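I'll jot down what I look up, one stop at a time.

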Amino acid sequence: MENYIYIIIVILLGVLIKKSKLLAQNFHMSLNRLLIYVFIPILTLLHVPEINIKSQYLWLIFTPWIIYLGAMLFFYVAHKIKPINHKARGALIMTSGIGSISFVGFPIFELFYGAKGLSYGIILSLGGTFIVCNSIGIITGIYFKNEGFRLSKIIRNLFIFPPFVALLIAVLLNVSHYEHPVFIKEILTQLSKPFSMLALFSVGYQIAFRNLHNERKYLYLGLFYKIILAPALLFFIFYFLNDLNNDIVKICILGAGIGSMNTIAIIAAEFDLHPKLALLMPGFGIPISMITILIIQYLLNQ
């Protein structure tokens, strides 16, 4: 419960401080760059090298990819039915394809499934959504920002983007069975601590409720996929696999229904992919999903 209250308070703090005009109106642009170019690489180097992957955890790693690919397909079809603005489509794919597992999911998983649920959530976040965010999520942003598929330019931009470079280094350290010395881990841990508050504050600072009317159509479409279709997709996959009684499966389905990840919304905004829409997705999706995942949990236990 404290985590829920914390999320709401920090987002509202961002909204209120913007309205008070204590900071420059474009303050969020500098803050976003700090988060993307400094804090995300620190988090990646802190956690990814120490992920211990076991075979029974594979669904926790694969399902975020299923959800993201499902978002790409859904918005491709939606665009064919009724054209969606190019940059808005990029923002919708990125934000509806990745959930806020760490900020919102961890306390929920622990509440429903105890310490075991929390450990599953950590793998889902660091082994799944975090890697999706730093790989295909970034590729999506580069593609839609450039308004076309130019493989050489995408590859070049990808390999000069600090979060992706940090991910490559972290993966190499992982497969090399590297372990952080205690003092390095402590330094990285201390450096990463401001991330959660700053990311949530940035989301709140960029929310403009007066723009809701203009973004409403796209916002509702994105929330429909993120909060309803994404968990439904996983539910039917596991239903046909006859595997719904598995706690790992239930964590995957719950995770699919959590509101959009703050980090990917900030990245989408930094790529200038309909920033107002991108930031509204977690701003509205996270509070709404706190209610809908209770319904999902109830249905999973029937």
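**Entry 1: isoleucine 139**

I started with isoleucine 139, which is partly exposed at a relative accessible area of 31%. My cut-offs for this: buried is under 20% relative accessible area, exposed is over 50%, and partly exposed is in between, using a 1.4 Å probe and protein chains only. Before going on, a note to myself: this is a predicted model, where local features need pLDDT of at least 70 and side-chain atom pairs count only at pLDDT 80 or more, while totals for chains, interfaces and linings use all residues. Residues are numbered from 1 along each chain as its sequence is written, and side-chain values use heavy atoms, with hydrogens and water left out.

Isoleucine 139 lies in helix 5. Helices here are DSSP runs of H or I with at least four residues, strands are runs of E with at least two, and the numbering goes from the N terminus. What does isoleucine 139 touch, leaving aside neighbours within four places in sequence? I found Ile154 and Leu158, where contact means heavy atoms within 4.5 Å. I also looked up methionine 290: it sits 151 residues from isoleucine 139 in sequence and 29 Å away in space, C-alpha to C-alpha.

**Entry 2: helix 4**

Next I went to helix 4, residues 86-97. Its 12 residues reach 17 Å from first C-alpha to last, close to the expected 16 Å; the expected span is 1.5 Å times one less than the number of residues. Helix 4 is largely enclosed by the rest of the structure, because 10 of its 12 residues are buried. Among the buried ones I noted Arg89, Leu92, Ile93 and Met94.

What caps the N-terminal end of helix 4? Asparagine 85 does, with a side-chain oxygen 3.0 Å from the backbone nitrogen of lysine 87. I'm counting polar contacts as pairs of N or O atoms within 3.5 Å; within protein, one must be able to donate a hydrogen and the other to accept it, and residues adjacent in sequence count only if both atoms are side-chain atoms.

Then I picked threonine 95, found in helix 4. Is threonine 95 buried or exposed? It is buried, with a relative accessible area of 0%. A polar atom of its side chain lies 2.7 Å from the backbone oxygen of alanine 91. Not counting residues up to four places away in sequence, threonine 95 touches Lys226, Ser260, Ile264, Ala265, Ala278 and Met281.

Ile264 and Ala265 took me on to helix 12, where both are buried. Helix 12 covers residues 262-270, and nine of its nine residues are buried. What do those buried residues pack against? I listed helix 2, helix 4, helix 5 (101-145), helix 9 (195-206) and helix 13 (275-300).

Just after helix 12 comes aspartate 272, in the loop between helix 12 and helix 13. Aspartate 272 is partly exposed, at 41% relative accessible area. Histidine 274 lies in the loop between helix 12 and helix 13, and its phi is positive too, near 45°.

Two packed helices are described by the angle between their axes and the distance between the axes.

**Entry 3: threonine 63**

My last stop was threonine 63 in helix 3 (residues 58-81). Threonine 63 counts as buried, at 2% relative accessibility. Its side chain reaches the backbone oxygen of tryptophan 59 at 2.8 Å. Leaving out residues up to four places away in sequence, I noted that threonine 63 touches Leu124, Leu234, Phe238 and Cys252.
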